[in-house]
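Open the structure in your viewer and keep the selection tool handy.

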Amino acid sequence: MSTNTTYNVRIDKEMRKKADILYKNMGLSLSSAINLFVTQSVIQGKLPLTEVVAEPLYAYALLRDAEEIDIALNNGTATVYNTPEELFASWENE
């Protein structure tokens, strides 16, 4: 059976805030991200660095836009297009 242990890590205050936002936009806590990093390090036998780049401001904007779309769909104010052609035609009429 696996048991957890606590390990204290010193992180710059501003870096911590940025990391919290970054991982929140990925659906993770900072603790979960650190656990993933350590687990992958052990599995791979090296630092698990890849070219995956998260853009927290972009992710935040997507979440905000999705909420706005959901609200518009629920209150009947959204314009729904059945085909791409209908959407493109609406742009030409603007």
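Let's begin with the rings: the count comes to one aromatic pair. Select Phe88 and Trp91, which form that pair with a tilted geometry, 5.4 Å centre to centre and 55° between the planes. Keep in mind that this model is predicted.

Why can these two side chains meet? An α-helix has 3.6 residues a turn, so residues three or four places apart point the same way. Now colour helix α4 (residues 84–92): Phe88 and Trp91 are three residues apart in this helix, so about one helical turn separates them.

Next, select helix α1 (residues 13–25). With 13 residues at 1.5 Å a residue, helix α1 should span 18 Å, and the 19 Å between its end C-alpha atoms agrees with that. Look at its start, where a side-chain oxygen of Asp12 comes to within 3.1 Å of the backbone nitrogen of Glu14. Then move just past α1 to Gly27, which takes a positive phi of about 85°.

For the last stop, show the second largest pocket, with a volume of about 380 Å³. Which residues lie nearest its centre? Select Thr5, Tyr7, Ser31, Ile34 and Asn35, out of 13 lining residues. Now colour helix α2 (residues 30–44): this helix gives the largest share of the lining, five residues. Colouring the lining of this pocket by class shows six nonpolar, six polar and one charged residues.

Note on methods
Residues numbered from 1 in each chain as written. Predicted model: local features only at pLDDT ≥ 70, side-chain atom pairs only at ≥ 80, totals over all residues. Heavy atoms only, no water. 1 Å grid on protein atoms, 1.4 Å probe; cavity = no way out; pocket = protein on both sides within 12 Å on 5 of 7 lines; lining within 4 Å. Points joined across faces, edges and corners; volume = space filled by probe spheres on them. Helix = DSSP H or I, 4+ residues; strand = E, 2+ residues; numbered from the N terminus. Nonpolar A, V, L, I, M, F, W, Y, C, P; charged D, E, K, R; others polar. Phe/Tyr/Trp six-rings, centres within 6.5 Å; stacked < 30°, edge-to-face > 60°. Expected span 1.5 Å × (residues − 1). Polar contact = N/O pair within 3.5 Å; in protein donor to acceptor, adjacent residues only side chain to side chain.
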